[in-house]
Amino acid sequence: MGRLAVSFTGLRFDNPFLLSSAPPTESEQNILRAFDAGWGGVVTKTIGLHPVVNVAGPKTKFFRATPDSTQISMKKRSGAALHSSWNWELISDKTLDWWVPRIGRIKKAHPAQVLVASIMAGSGSDAELRHWQTLARACQDEGADALELNLSCPHMDRPDMGSNIGKDTEVIEIVCRAVKEVARVPVWAKLTPSTTDIAVEARGAFLGGADAISSSNTFPSLPLIDPETLEFEMNVDGFVSSGGLGGLAILPLSLAKMAQLTQAFPDKAFSGIGGIAEFSHALNYFLLGCGTVQVCTAAMLDHAVGPNVVRRLVSGMTETMDRYGWKTLDDFIGLRRTRIVAHSQIRRPDGESYHGGYEAEGYSTAEAHSRGVEG
Ligand SMILES: Cc1cc2nc3c(=O)[nH]c(=O)nc-3n(C[C@H](O)[C@H](O)[C@H](O)COP(=O)(O)O)c2cc1C
C-alpha cells in the first residue's frame, strides 16, 4: 500500500481513491464499511441546515445500453450494459445533529483514514453565510479532515444554492472566503460542470482561498420518454424535473472540464470525479493533473460502497506503476496535461494545403466553386 500513498492539500491518503459524496457515504455504517474495504478517503453525503424532503419514489436509476443496438433505457433487461446513472436525489435528509456524533465515531474508529465533510448552505444573506460557518465548525470540531463545499447540486430550486451559485464566480468566492475564515482544515470546492468554462468559476474559488477543486458533479439531464407509454421512464405522477447524469457516460465530458481546470491552474490541487469504475479511467484524471479521484456510480452498483471497485483501482494502479517504473503518483501526475492544444495546432495531413486559420479554412474559392471542385 505504501507506494500508493499520496499527499493532497496537506493530508496523507493511503491511496488516492475516495468515495464521493452520495448514497455510498450517507450513513455511519456505509462509511465504516468503505474504510474497511480500502478506500483512501470518504466524502460524506452533503450535510445542510435546511429541511430536506426527497421526491416520492426512486431517487436514482440506471440507464443501460443494449449491445449491437442504439437503445438506451432504464428498463431492466438481460445482456444490457451500464451506460450511466440518473438521479434527482437531494442532499442528506439527516440533520447536522444526526451527523455530528457519527463523524466523531467514524474518526475514532479510523483515525488514519481521511474523512471529508461535504457541506451546503445558501448564499443570499449574511445569515446563510453563517450557516456555512456553522456547518464547517461542527464538522471539523468532530475530527473531519477536510471540508468539501457543495456548489454543484444540479437539482435545486433555490436560486442561492447548489449549482445555481456554482455558476456565479463572485458568490463562489464569497462562500469560500466565509468558510476559510473559520476553517482549520483544507477546503475543497466542488464545482458544477454546467458552465461554459469551469476555469472561470475555479478562479473565484481560489480567490476565496479554496485549497482544491473537485469536479465533476452530475450533468443536468432528463430521463427518456418510453415510446410504449409516452411517460418518462422515471417520474412522479407523470412529472419529471431536471436531474443529474453520472457514471461511464460522463467520463469524457468530465475529463474535458478537468483539462480546462488543470491547464488554467497547473499548480493547484484537483480531485477528479466522473465515470470512474476502473484504474484506466482514473489514470486519465491523474495524467491531466489530479492528485485524488472520487467514485460514486460504480460503487453504488457494487455492494453499495464499492469493495470490488476499490480493489481493482488499487491493483490497477500498482500494476500500471510497475509497468512504467513509476515510484509514486508524483512520477505521472499531469504527464498529459499539455497535450490538449488549440484545434489549429493539430497537425494537418499536408501542412502546405492548410490555410493556418479560420479565415480560409473550410471555404472554397468562387473560382473553384464554378469549376465544381474544392478550393
Ligand atoms: C444518487 C446520487 C446522489 C448524489 N448526491 C450528492 C451529494 O449529496 N453531494 C454531492 O456533492 N454530490 C452528489 N452526487 C454526485 C456524485 O458525488 C458525483 O459527483 C457524480 O455522481 C459523478 O461521479 P460518478 O460518475 O462516479 O457517479 C450524487 C450522485 C448520485 C448518483
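Predicted model: local features only at pLDDT ≥ 70, side-chain atom pairs only at ≥ 80, totals over all residues.

Colleague: OK. What does α7 span, end to end?

Modeller: Helix α7 covers residues 251–264, and its end C-alpha atoms are 20 Å apart. That agrees with the 20 Å its 14 residues should span at 1.5 Å a residue, the expected span being 1.5 Å times one less than the number of residues. Helices here are DSSP runs (H or I, at least four residues), strands are E runs of at least two, and both are numbered from the N terminus.

Colleague: Which residues of α7 are buried?

Modeller: Leu251, Ser254, Leu255, Lys257, Met258, Ala259, Leu261 and Thr262. Buried means under 20% relative accessible area, exposed over 50%, and partly exposed in between, with a 1.4 Å probe and protein chains only.

Colleague: And what do they pack against?

Modeller: The buried residues of α7 pack against α6 (198–207), β12 (212–215), β13 (219–221), β15 (269–273) and α8.

Colleague: How do α6 and α7 sit relative to each other?

Modeller: Their axes are 9 Å apart, at an angle of about 50°. The two helices are therefore oblique, as angles under 35 degrees count as roughly parallel, over 145 as roughly antiparallel, 65 to 115 as roughly perpendicular and the rest as oblique.

Colleague: Which residues meet there?

Modeller: From α6, Ile198, Ala199 and Ala202; from α7, Lys257, Gln260, Leu261 and Ala264. Contact means heavy atoms within 4.5 Å.

Colleague: Switching to α10. Which of its residues are buried?

Modeller: Pro307, Val309, Val310, Leu313, Val314, Gly316, Met317, Thr320 and Met321. Their cover includes β3 (17–19), α1 (28–37), α8 (279–288), β16 (292–295) and α9 (297–300).

Colleague: What comes just after α10?

Modeller: Gly325, which takes a positive phi of about 70°.

Colleague: Last one: where is Ala189, and is that residue buried or exposed?

Modeller: Ala189 lies in strand β11, residues 187–191, and is buried, with a relative accessible area of 0%. Leaving aside neighbours within four places in sequence, Ala189 is in contact with residues including Leu149, Cys176, Ala205 and Ile213.

How values were computed
Residues numbered from 1 in each chain as written. Heavy atoms only, no water. Axes fitted to C-alpha atoms, helices over the stretch in contact; angles between N-to-C directions.
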